[in-house]
Amino acid sequence: MEHRLDPELATDTGGMHINTRQAWLADAIELLSSMRFAISLLTLIAVASIIGTVLKQNEPMPNYMNQFGPFWFEIFNKFSLYSVYSAWWFLLIMGFLVVSTSLCVIRNTPKMLKDMRSWRDNVREQSLRNFHHKAEWQSTGTRAQLTAQFSDHLARIGYRFKVVEKDQATLIAAKQGAANKWGYIFAHSAIVIICIGGLLDSELPIRAQQWFMGKVPFDGNGIIAKIPQQHRLSLSNPTFRGNTMIPEGSSSNTAIIPQQNGVLIQDLPFTIKLKKFTIDFYSTGMPKLFASDVEVIDHDTGKTFSSVIKVNQPLIYKGIAVYQSSFEDGGSRLKLTAYPMSGGRSASFDMTGEVGGNTALKGTNGNDFTVEWSGFRPFNVENMARNGADVRAVNPGKTLNQQLSTDLDKHLGSAAKNANSKDLKNVGPSVQYKLRDKTGQAREFHNYMQPVFVDGDYMFLAGTRDSPAEGFRYLRIPADDDDSVKEWMRLRAAINNPDLRDEAAKRYAARALPSNMPNATQMQNQLMESAKKSLGIFAGDGKQAGFVAISTFLEQIPAADQAKAADVFMKILNGSMWDLWMIAREKEGLPVLNPSDKHARFLQLATGALSDSFFYGAPVFLQLNGFDEVKASVLQITRSPGKNVVYLGCLFLVIGVFAMFYIRERRLWIWVKDDVQGVNALMALSSQRKTLDFEKEFEQLAMQLGHIATQNVTNTAPESRRSEQPQT
């Protein structure tokens, strides 16, 4: 029975204080080293790993804000769910797991080693008879002869044994597979070693520098070389994992370590200069090979050497590994043409920009903007397979407003539509930029340089989105005879010019109704007013524009007459749009085009694009004309002292698992004694795991030993075989 000291009585004397503290410490160690505590920790780690797998880690904070909203963003941020594996509570759990498993190993290893060395030769005959797996034989030979033959056979089949004389009998204590217990020791030690290696490579050393050495993340903009020391980590920092982006011809001697509220700058003992960046692609557009040809300059010795860094082929120098991570644009120089997207002006102007830089854009009425050039791709492989549906098809069973809304969604949908089949094509270069106004509000755009063949026609794709969490929606501008957007821009400016709309309505009325008709003047005036109204509604004289404005206007008409009214309205609009186009060309000294199916198709697509353009949300459309590409390599730079420790832990884990599952410990006892009938032999076998193989082994061993015991013994074994020392 276990006796414990009453805490209330332990306050009487100093000795009782010591006993109370010792009892509390023993209970704490018992809890920490218990299996239930370790399983609880492993469960928490499993839950945390699930969270870290489901929830993308170390993304920019605005992405999480857009995804979860302000309320849940703050809650998840309090628990550090955006960087689970470097969260204080996760590191604390890992620390407790190390302590728990270490205590378990310390407590149980001596017992296991002692049991491995033990022969368990303190058994008695009666205890062997209580075994489930036992066998007994009677022999006519002597006890010495039978003991020698049993010993020889056990040695042949791989058992180590010890012969003991006790109670006027001979005990053969044998064992096999005692190394099984090494499996438990190695497996549990592996958990400790792997966790220690993981903690060494975690952010714990960096967190410690922030807590005790005054290091704080840098959350502003500036030149890396001029960032103060409080934001920089020294060369003696034991572990880190950062990135650096190096354009071709440039160099870097620092790594950027992202933090939740900024970045830390890690100084390196050498400088990396990117001489050339090479990249090859598959036909699908996925990178096949990218490599960095670099030159390394050692700061201490001035030593210089060249190296090629490839994926899975890092550069390792001074304990720091440099991996090829990805690639980016390194500041490509862009040449663009800006076309107005509002008002009656169609004059374009040239612009230049550099990826990663900004360009000022003067607007009307003091509405100035800043163009932030965020990306450039020299080619884009898209899936251009179509599903056979016309993007402007009207679905039966819907109201006109629903049909027009569907058309709008299709026009502003993804540039590369999903399809059951694949038709991968390179659609050429593209540029990505943000247009930011004076209040700081920004909208992002993605424009392709060349027209893309979509649904049977060549279109210029101009993508737009309000936030990075959204996908781009694409305005499709039809390409003209010169594969440019000039004709569409000319028509866009004309539809926003009231004088040109009035002139187009007049021409359309005169063209549609010959002057020799009865009451021709009156009918032409009526048609002209209808055409003016149609063009005005489409141009957005009210709060709405395009097909949405037309739909709203038609809803004022009785439902029975809406279909007929819509048909008449669209005929007038299409006819007057042709005259508006021709007038715009005449104003710029261009010849009038002859009507053709090709031009009619262009006008139909241009009208649809004009309707969609009212939702484009930008004062200008930037058309990429040329570029000078500058590539940049993104390198991951790490110092991982725990890597070899983890490798050692993995080796221990493999050895431990192998030993536990493939090495079976068996204990065998044979009690040999003299009786009135000759010699009696009693055998018992035990194992930690009772399996079918064990049952077969017992039956086979019992048969072999029984055969030895019952055979007619004629030879006498040497007495030296009855040694009490272990025999192999």
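This talk walks through one protein model, from its overall make-up to a few single residues.

Hi everyone. Before we start, this is a predicted model, where local features need pLDDT of at least 70, side-chain atom pairs count only at pLDDT 80 or more, and totals for chains, interfaces and linings use all residues. Residues are numbered from 1 along each chain as its sequence is written, and side-chain values use heavy atoms, with hydrogens and water left out.

Let's begin with the whole protein. It has 17 helices and 26 strands; helices (H or I, at least four residues) and strands (E, at least two) are DSSP runs, numbered from the N terminus. Of its 728 residues, 44% count as buried. Buried means under 20% relative accessible area, exposed means over 50%, and partly exposed is in between, using a 1.4 Å probe and protein chains only. Now contacts, meaning heavy atoms within 4.5 Å. Among contacts with a separation of 6 or more, 66% are between residues 24 or more positions apart.

Next, please find helix α14, residues 559-587. How far apart are its end C-alpha atoms? They are 41 Å apart, which agrees with the 42 Å that its 29 residues should span at 1.5 Å a residue. That expected span is 1.5 Å times one less than the number of residues. The helix also bends by about 25 degrees at A565, where the bend is the angle between axes fitted to the seven residues ending there and the seven starting there. After α14 comes G589, with a positive phi near 75 degrees.

Helix α14 matters for our next stop, the core. A nonpolar core is a set of buried Ala, Val, Leu, Ile, Met, Phe, Trp, Tyr and Cys residues joined through side-chain atoms within 4.5 Å. The largest one has 60 residues, and W373, W488, M577, Y616, F621 and L622 touch the most other members. Which helix gives this core its largest share? That is α14, with ten residues.

On to the aromatic rings. Rings of Phe, Tyr and Trp (its six-membered ring) pair if their centres lie within 6.5 Å; planes under 30 degrees apart count as stacked, over 60 as edge-to-face and the rest as tilted. By this rule there are 32 aromatic pairs. Take F445 and Y616: their ring centres are 5.2 Å apart and their planes are at 55 degrees, so the pair is tilted. F445 sits in strand β19 (residues 442-448) and Y616 in the loop between α15 (597-613) and β23 (620-628), so this pair ties together parts that are 171 residues apart in sequence. Both F445 and Y616 are buried. Elsewhere, Y64, F68, F71, W72, F73, F76 and Y82 form one aromatic cluster.

Finally, a few single residues. Leaving out residues up to four places away in sequence, E697 touches Y159, Q176, R664 and R666.

K438, in the loop between β18 (430-436) and β19, counts as exposed at 65% relative accessibility. The C-alpha atoms of K438 and T370 are separated by 8.1 Å, although these residues are 68 apart along the chain. S127, in helix α5 (residues 125-129), is partly exposed at 30%. Its C-alpha atom lies 9.6 Å from that of A684, 557 residues apart along the chain.
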